[in-house]
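The sequence and the model come first.

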Amino acid sequence: MIEKAKAFVLSYWKEILSFLSFFLLGLAFSSPTFGPVLVALEGAFALLLYKKGALSKRDVLRHLYWFLPLCLLAFLPVIFQVKISGVLAVFLWIFNIIGILGAVLVGLMAAREESRVREGMIASGALGLALLVLISLIATLSLYGPLHVALHANEVYYWEGMAFQVSEEASLFTTSGIVSVSVLEYSFLPFLLAASGIGLLFLDPRGRKVLFGILLSCSFLGLLALALLPNVLALILLLAFYLAGIALRLIPWAEKTQGWLGILMLVFLSLAVAFSLLILFLAFTGTDVYGSGFLRKLLDNQRFMEPVNRSIQAVSSTGILGFLFGLDPFTSSGGLAFSTWNGGYTYWNEIPLTNLQTSSFEEGGILGFLSSVWLFLVAIGVCYWAARDCRAGKGAWDRVLISLFAMAWILYASLQMDRFPFVRQPTAYLSPTFGNGGFALFALSLGYAAPRFEKGLLGFSKKGEAA
């Protein structure tokens, strides 16, 4: 029995490590305390996968502008985190850097494995995340029942003298056990699983029935978890995501318009630079956005620009240093002023709707903001190239699946991320890039799916074709 177990481990050690890796990163998804340590385990995983000569210095330089934004988002939050956690944050910051770089290396190494091993690692990783979603789903159903967001919309309960909305929370399995989190945070992993199902459109199930069944079951579980809340906006995003995936799979224009994506990326990047110059002007002049009729109309439209407006106010109060490095935004001029109530219990009384981009700006300054914008454009490009190469017979289907996973992460983080997800701990801040297992999964996916082009900005050669 021991010999059989030993033989099994030796034969499938990469698949086993993939399962554990994704499971632990899933646990670190909502863990500001243990997140950096668990993310750092990706560094150890990378060393186990690494083969001498598998990755040259030229390969690293070739992908530098893909991974540079990831590195910046791993490096920049240290000043912000020291403001919150003190000197301990420096040690956690080191773990976080090791983990993010290790996650990228894991992706690069995994993409160079043979087809059978890659497929086994993907199936194992999907099962690891599915197990976390399943435990969280069972805990949520047992405590709140099905469709509680819709059926109990106006109901409240009291805990330690404070009222909480039943429809605004769910149960999530984390490093601290099963905890109550916001519906937005609970929906993150199920959304990633469900969105990854689009990759099945590019997979030929012949000879891969077990793999196809595993991935189909995992994506259905993600969809079920979203539907049983329900998170309506996430379901709408999922529908749009599937329609875009079907378009990449079926519409022939994907092979005929290689140059448009590079132009689109440059347009968006130009808009980001223009917006950054506006913020720079506000930081230098100390302009009050709310005091200016024009700027208020331009920036204050509640749902999406409100977090941006709050961020501008926060960094404007710290001047150019805050603009460059993202100093402490927990000030009265930002949207995160706190007050005390009921014997010193601290809570945040103005928590604006937020997303990856504004949080990156607050934590890492203008470089953090531009890095997050660049990564969004990179995710779009990776999906496009992977789908096009797969249709042309030049790329494997698994690159499409992993690139869709990366796109799903950054799309959800840009629209439904929650920086204060813990219902019973309203002051517990969760960074989108510091010790966040989801960000490490995104880094791993980007390393796996990044095209191996030879030259050309954004992956396009001088002839206008992807290299």
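Buried here means under 20% relative accessible area. The model is predicted. By that cut-off the buried residues of helix α11 are Phe-188, Leu-189, Pro-190, Phe-191, Leu-192, Leu-193, Ala-194, Ala-195 and Ser-196. Because 9 of the 9 residues of α11 (residues 188-196) are buried, the helix is largely enclosed by the rest of the structure. What do these buried residues pack against? Their partners are α2 (13-27), α8 (115-144), α10 (183-186), α12 (209-227), α13 (232-250) and α19 (397-416).

**Helix pairs**

Two packed helices are described by the angle between their axes and the distance between the axes. The table gives these values for two pairs.

| Helix pair | Angle between axes | Distance between axes |
|---|---|---|
| α11 and α19 | about 145° | 9 Å |
| α2 and α8 | about 35° | 7 Å |

The crossing of α11 past α19 is right-handed. On the α11 side, the contact is made by Phe-188, Phe-191, Leu-192, Ala-195 and Ser-196. On the α19 side, Leu-401, Phe-405, Ala-408, Trp-409, Leu-411, Tyr-412 and Ala-413 take part. Sorted by class, this contact of α11 with α19 has 11 nonpolar residues, 1 polar residue and no charged residues.

The crossing of α2 past α8 is right-handed. From α2, the residues that meet α8 are Lys-14, Glu-15, Ser-18, Phe-19, Phe-22, Phe-23, Gly-26 and Leu-27. From α8, those that meet α2 include Arg-116, Val-117, Gly-120, Met-121, Ser-124 and Gly-125. Also in α8, Leu-127, Gly-128, Leu-129, Leu-131 and Leu-132 belong to this contact. By class, the contact of α2 with α8 has 10 nonpolar, 6 polar and 3 charged residues.

**Nonpolar core**

The largest nonpolar core has 106 residues, and Leu-70, Phe-191, Trp-409 and Phe-442 touch the most other members. The most is given to this core by α19, with 14 residues. Which residues does Leu-70 contact, leaving aside its neighbours within four places in sequence? They are Ile-100, Val-104, Leu-375, Phe-439, Phe-442, Ala-443 and Leu-446.

**A buried serine**

Ser-371 lies in helix α18 (residues 356-391). Its relative accessible area is 4%, so Ser-371 is buried. Not counting residues up to four places away in sequence, Ser-371 touches Pro-69, Leu-72 and Leu-73.

**Strand pair**

Strands β3 (residues 169-174) and β4 (residues 177-182) pair in the antiparallel sense, over 6 bridges. The two strands are joined by a hairpin through 2 residues. Within the pair, Ser-171 is opposite Ser-180 in β4.

**Backbone details in loops**

Two loops hold backbone values to note. In the loop between α12 and α13 is Pro-230. The peptide bond from Leu-229 to Pro-230 is cis, and its omega is near -5°.

Leu-147 is in the loop between α8 and α9 (148-151). Its phi is near 55°, a positive value in a residue other than glycine. Is Leu-147 buried or partly exposed? With a relative accessible area of 35%, Leu-147 is partly exposed.

Notes: Residues numbered from 1 in each chain as written. Predicted model: local features only at pLDDT ≥ 70, side-chain atom pairs only at ≥ 80, totals over all residues. Heavy atoms only, no water. Buried < 20%, exposed > 50% of the residue type's maximum accessible area, 1.4 Å probe, protein only. Helix = DSSP H or I, 4+ residues; strand = E, 2+ residues; numbered from the N terminus. Contact = heavy atoms within 4.5 Å. Pairing = 2+ DSSP bridges. Axes fitted to C-alpha atoms, helices over the stretch in contact; angles between N-to-C directions. Left-handed = near helix turned anticlockwise from the far one by under 90°. Nonpolar A, V, L, I, M, F, W, Y, C, P; charged D, E, K, R; others polar. Core = buried A, V, L, I, M, F, W, Y, C linked by side-chain atoms within 4.5 Å.
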